[in-house]
Amino acid sequence: MRIERCVCHKVEFSTVKRWLAAHPGAHFAEIKQEFKCGTGCGLCAPYLRRMMRTGETVYYQIVTERDEPPTPE
Ligand code: FES
């Protein structure tokens, strides 16, 4: 299974990564505000947090809140 987007809001993680490159230092709260990612089912949130940490935008394994816990926003 290939996981590469916020399904609820149809936003690819790579799109968020490009936006982050133009907004260095942005926090996850700002991603939520800009793209609405994480405001629906919330399943994309740990993937996006991992993306912020590692730069990955495509995943082939499940990433949960346990793997990438919320950080202060
Ligand atoms: S997949 Fe992003 S909020 Fe549901």
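Which loop does K10 lie in? Keep that in mind; the tour comes back to it.

**Whole chain**

Show everything as a cartoon. This is a predicted model. The protein chain has three helices and two strands. Turn the view along the principal axes: the C-alpha atoms fill a box of roughly 30 × 25 × 25 Å. Buried residues make up 18% of the 73 residues. Now consider contacts between residues at least 6 apart in sequence: 49% of them join residues at least 24 apart.

**The loop with K10**

Select K10. K10 lies in the loop between β1 (5-6) and β2 (11-12). Its phi is positive, about 55 degrees, although K10 is not a glycine. Is K10 buried or exposed? K10 counts as exposed, because it has 10 C-beta neighbours inside 10 Å.

**The nonpolar core**

Next, select C6, F13, V16, I31, C37, C44, A45, Y47, L48 and M51 and show their side chains. These 10 residues form the largest nonpolar core. Two elements give two or more residues to this core: α1 (13-22) and α3 (45-54). The largest share, four residues, comes from α3. In soluble globular proteins, nonpolar side chains tend to be buried together.

Which residues does V16 contact, leaving aside neighbours within four places in sequence? They are V11, I31, F35, C37, L48 and M51.

**Where α1 meets α3**

Hide all but α1 and α3. Their axes come within 11 Å and cross at roughly 45 degrees. The two helices are therefore oblique to each other. The crossing is right-handed. From α1, show F13, V16, K17 and L20; from α3, show Y47, L48, M51 and M52. These two groups meet each other.

**Along α3**

Color the buried residues of α3: A45, P46, Y47, L48, R49 and M51. Bring α2 (28-35) back into view. The buried residues of α3 pack against both α1 and α2.

One of the buried residues is R49. Select R49, which has its place in helix α3. Why does R49 count as buried? The reason is its 20 C-beta neighbours inside 10 Å. Not counting residues up to four places away in sequence, R49 touches F28, E68 and T71. Draw a distance from R49 to E68, C-alpha to C-alpha. The separation is 6.5 Å, while the two residues are 19 residues apart along the chain.

Step off the end of the helix. α3 is followed by G55, whose phi is positive, near 90 degrees.

**Last stop: K36**

Where is K36? Look in the loop between α2 and α3. Phi of K36 is near 70 degrees, a positive value in a residue other than glycine. K36 is partly exposed, because 14 other C-beta atoms lie within 10 Å.

How values were computed: Residues are numbered from 1 along each chain as its sequence is written. This is a predicted model: local features need pLDDT of at least 70, side-chain atom pairs count only at pLDDT 80 or more; totals for chains, interfaces and linings use all residues. A nonpolar core is a set of buried Ala, Val, Leu, Ile, Met, Phe, Trp, Tyr and Cys residues joined through C-beta atoms within 7 Å. A residue is buried if 20 or more other C-beta atoms lie within 10 Å of its own, exposed if 12 or fewer, and partly exposed in between; C-beta atoms are placed from the backbone. Two residues are in contact if their C-beta atoms, placed from the backbone, lie within 7 Å. Axes are lines fitted to C-alpha atoms, for helices over the stretch in contact, and angles run from 0 to 180 degrees between N-to-C directions. Angles under 35 degrees count as roughly parallel, over 145 as roughly antiparallel, 65 to 115 as roughly perpendicular and the rest as oblique. A crossing is left-handed if the near helix is turned anticlockwise from the far one by less than a right angle, and right-handed if clockwise.
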